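Let us take a walk through this structure together, from a chain interface to single side chains. Keep the viewer open as you read.

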Amino acid sequence: MSAIRLTDLTLGYDRHPAVHHLSGEIATGSLTAIVGPNGAGKSTLLKGIAGALAPLSGGVALAKGKRLAYLPQSADLDRSFPIHVYDLVAMGLWNRAGIFGRIGAGAAHKIEHAIAAVGLTGFERRPIGTLSGGQMQRALFARLLLQDADVILLDEPFTAIDARTTADLLELVRRWQGESRTVVAVLHDIETVRQAFPQTLLLAREAVAWGETAAVLTPENLLKARRMVEAFDSHAAPCQRDAA
Amino acid sequence: MLNRRALVAGLAFGLATGASPFGTFAQEKLPVVASFSVLGDFVRQIGGDRVSVTTLVGPDGDAHVYSPTPADAKAMAAARLVVVNGLHFEGWLPRLVKSSGTKATVAEATKGITPLEADDDHDEKGKGGHAHAHGHDDPHAWQSIANAKIYVANIRDALSAADPVGKASYEANAKAYLAELDKLEGEVKAAIARIPAERRKAITTHDAFGYFVKAYGIAFIAPQGVSTEAEASAKDVARIIRQVKAQKVPAVFLENVTNPRLAEQIARESGAKVGGRLYSDALSAESGPAGTYIRMMKHNISEIEKALTAGPA
Amino acid sequence: MLYDLLIGPFAEFDFMRRALVGVAALSVSGAPIGVFLMLRRMSLTGDAMAHAILPGAALGYLVAGFSLPAMTVGGLAAGFAVALAAGAVARATVLKEDASLAAFYLISLALGVTIVSLRGSAIDLLHVLFGNVLALDDQVLILLAGVATVSLLSLAALYRPLVLECVDPGFLRSVSRSGGVVHLTFLALVVLNLVAGFHALGTLLAVGMMMLPAAAARFWTADITRLLLLAAGFGMVSGYAGLVLSYAAGSSLPAGPSIILAAGAIYIGSLLLGSQDGLARRLLPRVHLQR
């Protein structure tokens with residue numbers, strides 16, 4: 001049962017493809033890492049799956065009725081806005097209560113629980129502007145927890161975070177897999193991927209390799225990926241493959 | 001022989017009066033620019049067919065805040081005579097004269113008039129500065145018919161100076177018009193006399209009736225200063241309401257260029273009656289009740305008499 | 001003595017009571033909207049809107065002459081058009097809120113001036129359109145009360161998505177489609193409050209009562225709910241103080257500006273003494289805590 005199916009997907013900007021003719025499936029309950037050189041299209045792919053970017057061609061299909069949660073690379077968050085950690089985390093419940101609906105009595109308990117799960121107990125009344133990078137990431141993870149989504153997309157969740165926080169959050173991710181949630185994460189640290197993620201997609205605009213992590217992250221594959229040219233070609237001709 | 005001399009004489013006479021033996025070329029009218037509608041009316045009355053008048057601030061316009069257009073500059077440049085009120089009424093005019101490059105003579109209609117100071121023609125004034133665009137003199141001199149006669153005289157002289165050929169025509173027109181103004185003055189004084197003495201007071205939003213007050217003995221109390229920009233303070237409004245109640249001022253008048261709401265509130269709270277619209281700074285449109293100076297004064301006095309004689313105080 | 005100063009004027013004069021009620025209504029609905037405008041960095045919207053409504057008012061004047069209802073309805077329509085167009089462009093294109101609003105309000109203002117000039121009359125339309133706090137009749141008070149009610153109900157209903165839209169619009173987009181609707185509804189509320197405010201009280205008061213209390217409140221709290229309440233409170237206090245000042249001062253202080261000066265004094269006071277990043281706190285820091 002696939003949670004996400006990609007059909008000949010091309011995503012890009014200004015007609016230049018950042019993800020080029022990508023096809024494949026991500027199984028329900030799997031833990032997949034997306035790795036690749038800079039400009040490989042990894043964030044773009046997540047945006048496309050999350051529905052934030054419309055495909056240039058091809059399509060993305062999400063399994064019916066599955067709730068999606070997306071943690072972007074640098075949140076579009078206004079840190080100077082006067083709310084507290086508690087309110088920020090509570091936002092995770094809002095889409096389930098409906099934007100205008102009432103949050104039940106058990107909500108306070110759930111929120112506290114989520115805050116505790118990420119190790120931010122005691123931070124409830126802190127304005128979000130006073131949090132460090134790691135603390136903010138943990139708060140966003142707590143919000144993600146409350147969203148109770150079936151499919152979770154994480155874009156470079158551990159960049160610029162200390163080792164202890166990374167380890168804590170990875171624990172959470174493993175727990176999600178245990179709950180049969182599907183997780184797709186873009187990561188830079190190959191070691192983390194080898195340790196924690198059973199599936200990997202090595203992306204260099206096109207799929208270089210996709211499958212079991214050990215089989216994908218071979219030196220030959222990594223070399224192939226590195227050879228991808230990063231810049232868009234301003235003299236590129238229209239792509240012929242669609243004509244077929 | 002006689003024929004030829006007659007022909008030459010006829011030609012000379014024709015040229016002198018602007019007619020041509022070769023057919024008619026239209027008699028060229030004297031182009032005059034008047035700064036606002038009251039002056040425009042005067043110029044037309046005195047100039048008659050000999051002049052072509054362009055008025056800058058038209059009917060219902062507000063000369064205090066007027067912004068000249070390119071069309072105005074064009075008219076200005078083509079004019080041979082510009083008639084203005086003076087007494088700093090048209091703050092925007094000197095710049096327009098300069099920028100249009102006109103060679104016209106600028107004639108001040110208020111020459112020779114003793115101006116009233118803007119501050120001291122009301123008994124109960126204690127205010128400090130107004131946000132006043134004019135300086136110290138009240139420019140609305142035309143509100144007194146005696147002054148209007150001086151306006152007419154000045155305009156007649158200015159027209160005669162610009163167009164000596166028409167001098168006789170101007171003097172005749174002016175004489176006739178002055179007679180009409182005399183009659184008007186009589187009517188106004190009679191109307192005032194018909195109002196009981198203790199009711200000869202009213203509130204109006206615009207403090208432009210200073211000369212009228214002085215000439216004809218009606219007291220006008222204003223919640224704002226002379227220009228349309230000044231804003232009222234709670235203290236002023238309270239004072240006026242108290243005054244209206246205490247002195248049993250019978251009516252409140254709205255003026256045709258400023259915001260009427262304040263006057264309505266004062267009327268409501270003090271029990272005074274809201275009178276009709278008074279025209280002070282501009283004539284109405286031709287089709288309106290105050291299309292000429294004489295009709296304006298008649299309309300104003302009629303409204304004043306109606307409001308002050310009717311109803312309980 | 002104190003009674004004469006603080007209560008007397010309102011007991012004696014109807015227009016003072018009405019002014020107080022009018023300003024209170026404006027504070028209650030305007031201040032929360034001002035808080036959101038401030039947090040979304042749209043503080044100059046009010047001023048832009050005052051100019052943007054001109055073509056609507058001009059068309060109203062062309063159709064119905066000096067009819068205040070016609071001009072106000074026209075102004076409302078023009079304001080909505082400008083606000084919604086600017087909002088839509090900001091959401092859908094690369095242009096941000098401030099640039100798209102600037103573009104549309106300038107076009108609108110020029111259109112308005114052209115329409116007025118075509119008529120050939122030199123009337124200062126906007127001057128007539130804008131009301132005066134000392135001249136609030138029953139009709140206008142009902143308008144203000146109505147607008148306040150609609151605004152408060154809408155803000156209560158939209159509270160969550162509005163906050164989300166300000167804090168983390170990306171997240172809102174990922175969990176709900178209501179982002180666009182909420183944004184535009186908020187802009188509509190802004191226009192409604194501004195135009196009603198202009199009609200009743202004039203530009204200075206309408207915009208000033210929206211923005212100054214919000215800015216002042218920011219120096220006292222970092223909690224959004226308290227911000228909203230405090231801003232409304234500051235608004236009402238400014239209204240009261242300004243009216244008392246305009247009534248009692250030795251030389252003639254016009255009412256509208258007095259109220260804004262009172263609000264301004266509260267703002268300066270908050271800037272200097274506020275507990276959240278006020279200047280005094282910065283210059284005279286307290287001893288730090290153990291943990």
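Predicted model: local features only at pLDDT ≥ 70, side-chain atom pairs only at ≥ 80, totals over all residues.

Residues are numbered from 1 along each chain as its sequence is written, chains are lettered from A and ligands numbered from 1 in the order in which they are written, and side-chain values use heavy atoms, with hydrogens and water left out.

Start where chain A meets chain C. Taking contact as heavy atoms within 4.5 Å, 21 residues of chain A touch 24 residues of chain C. The size of an interface is often given as the accessible area lost when the parts come together. Here that buried area (the accessible area, with a 1.4 Å probe, that two parts lose on being put together, summed over both) is about 2000 Å², and carbon and sulfur atoms give 64% of it.

What about charges across this interface? Side chains of opposite charge can pair when their charged atoms come close. A salt bridge is defined as a side-chain nitrogen of Lys or Arg within 4 Å of a carboxyl oxygen of Asp or Glu, and the rule finds 2 of them between chain A and chain C. One of these joins A:Asp78 to C:Arg41, with the closest N and O atoms 3.4 Å apart. There are also 5 residue pairs in polar contact between chain A and chain C, both residues being at pLDDT 80 or more. A polar contact is a pair of N or O atoms within 3.5 Å; within protein, one must be able to donate a hydrogen and the other to accept it, and residues adjacent in sequence count only if both atoms are side-chain atoms.

Which helices of chain A each supply at least two residues to the side that touches chain C? They are helix H2 (85-97) and helix H4 (133-147), where helices are DSSP runs (H or I, at least four residues) and strands are runs of E (at least two), numbered from the N terminus. H2 of chain A gives the most to this side, with 4 residues. By residue type, the side of chain A that touches chain C divides into 10 nonpolar, 7 polar and 4 charged residues. In this count Ala, Val, Leu, Ile, Met, Phe, Trp, Tyr, Cys and Pro are nonpolar, Asp, Glu, Lys and Arg are charged, and the others, Gly among them, are polar.

Now turn to chain B. Its secondary structure comes to 10 helices and 10 strands, and 53% of its 313 residues count as buried. Among the contacts in chain B with a separation of 6 or more, residues 24 or more positions apart account for 66%.

Look next at B:Asp281, in the loop between strand E10 (273-278) and helix H10 (293-309) of chain B. Is B:Asp281 buried or exposed? With a relative accessible area of 1%, B:Asp281 is buried. Its side chain makes polar contacts with the side chains of B:Ser280 at 2.9 Å and B:His140 at 3.4 Å.

In chain B, B:Asp182 pairs with B:Lys149, the closest N and O atoms being 2.3 Å apart. This pair links distant parts of the chain, 33 residues apart: B:Asp182 is in helix H6 (residues 167-194) and B:Lys149 in helix H5 (residues 145-162). B:Asp182 is partly exposed at 42%, and B:Lys149 is partly exposed at 23%.

In chain A, A:Glu191 forms a salt bridge with A:Arg194 at 3.7 Å between the closest N and O atoms. A:Glu191 and A:Arg194 are 3 residues apart in helix H6 (residues 190-196) of chain A, so about one helical turn separates them. Both are partly exposed, A:Glu191 at 44% and A:Arg194 at 42%.

Finish with the aromatic rings. Rings of Phe, Tyr and Trp (its six-membered ring) pair if their centres lie within 6.5 Å; planes under 30 degrees apart count as stacked, over 60 as edge-to-face and the rest as tilted. The structure holds 17 such pairs over all chains. One of them, C:Phe13 with C:Phe15, is tilted, at 5.4 Å centre to centre and 50° between the planes. C:Phe13 is buried at 1% relative accessibility, and C:Phe15 is buried at 1% too. Back in chain B, the residues B:Phe42, B:Tyr151, B:Tyr177 and B:Tyr293 form one aromatic cluster.

Methods. Buried < 20%, exposed > 50% of the residue type's maximum accessible area, 1.4 Å probe, protein only.
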